[in-house]
Amino acid sequence: MYKDFRRQLTQASERELVVIELSTLGGDPEVARMMGEDVRYHSEMERDRRFVFLGKAAIYSAGTTFMSFFARQNRYLTRGARLMIHERKLDKHLHIQGPLTTCGAVLKATLNEIEASIAIQNEGFENLIRGSSVTMEEVLQRAPENWYIEAEKAKALGLIEAVM
């Protein structure tokens, strides 16, 4: 997906307006962040160009992460589209075996992984809500339960510019 995205972004290098349309039930959050960083970079380095996000139908999970890299005034959803915001997930089995002095290191490494993932997740949440009426407290309260937001509600909350 990232390779296709980069190819299409390169093909649009002469365009002043680049509209990126997306519908997704989710995916790899790190791929979404890489794609988002490309959009952020080009938006900042090429001020004469406009990069617009157009979400259609379902913009879940990694799709919402990707959308968060666009300036709020460049975010649009189609009628009836839904955003879904949730916390990152972890599926890890912890097996501790060996000398006691190394057991603590395994636990600390896992805790560091969790803390770093939470920090990355919260950076994305902050990008998403910047300029909106949504507070970080609200996102942190609702995200563990998978927060679905219909397009008109996303507009009313200031998460997007308009519904198309």
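Mentor: Helices here are DSSP runs of H or I with at least four residues, and strands are runs of E with at least two, numbered from the N terminus. On that basis the chain of this predicted model holds six helices and six strands.

Trainee: What pattern does the chain follow along the sequence?
Mentor: The order is α-β-α-β-α-β-β-α-α-β-α-β. The C-alpha atoms fill a box of roughly 60 × 35 × 25 Å along the principal axes. Of the contacts between residues at least 6 apart in sequence, 69% join residues at least 24 apart.

Trainee: Why is helix 1 called roughly parallel to helix 2?
Mentor: The axes of helix 1, residues 2–11, and helix 2, residues 29–45, cross at roughly 15 degrees and come within 10 Å. Angles under 35 degrees count as roughly parallel, and helix 1 is therefore roughly parallel to helix 2. The crossing of these two helices is right-handed.

Trainee: Which residues make the contact between helix 1 and helix 2?
Mentor: Helix 1 contributes Tyr2, Phe5, Arg6 and Leu9, while helix 2 contributes Val31, Met34, Met35, Asp38, Val39 and His42.

Trainee: What makes up this contact of helix 1 with helix 2 by class?
Mentor: Seven residues are nonpolar, one is polar and two are charged. Tyr counts as nonpolar under the classification used, and Asp and Arg count as charged.

Trainee: Is aspartate 38 to be called buried or exposed?
Mentor: Aspartate 38, which lies in helix 2, has a relative accessibility of 13%. Buried means under 20%, so aspartate 38 counts as buried. Apart from neighbours within four places in sequence, aspartate 38 is in contact with Tyr2, Phe5, Arg6 and Leu9.

Trainee: How much of the chain is buried?
Mentor: Buried residues make up 38% of the 164 residues.

Trainee: Which residues have the most contacts inside the largest nonpolar core?
Mentor: They are Phe66, Leu77 and Leu159, in a core of 34 residues. A residue belongs to such a core by being buried, nonpolar and joined to others through side-chain atoms within 4.5 Å. In soluble globular proteins, nonpolar side chains tend to be buried together.

Trainee: With which residues is phenylalanine 66 in contact?
Mentor: Leaving out neighbours within four places in sequence, phenylalanine 66 is in contact with Phe5, Ile20, Leu22, Ala32, Met35, Gly36, Val39 and Phe53.

Trainee: What is the phi of alanine 57?
Mentor: Phi is near 65 degrees, a positive value in a residue other than glycine. Alanine 57 is placed in strand 2, residues 50–60. With a relative accessible area of 49%, alanine 57 is partly exposed, because exposed requires a value over 50%.

Trainee: Where is asparagine 146 placed, and why does it count as partly exposed?
Mentor: Asparagine 146 is in the loop between helix 5 (136–142) and strand 5 (147–150). Its relative accessibility is 28%; since buried means under 20% and exposed over 50%, asparagine 146 counts as partly exposed. Asparagine 146 also has a positive phi, of about 60 degrees, although it is not a glycine.

Methods:
Residues numbered from 1 in each chain as written. Predicted model: local features only at pLDDT ≥ 70, side-chain atom pairs only at ≥ 80, totals over all residues. Heavy atoms only, no water. Axes fitted to C-alpha atoms, helices over the stretch in contact; angles between N-to-C directions. Parallel < 35°, antiparallel > 145°, perpendicular 65-115°, else oblique. Left-handed = near helix turned anticlockwise from the far one by under 90°. Contact = heavy atoms within 4.5 Å. Buried < 20%, exposed > 50% of the residue type's maximum accessible area, 1.4 Å probe, protein only.
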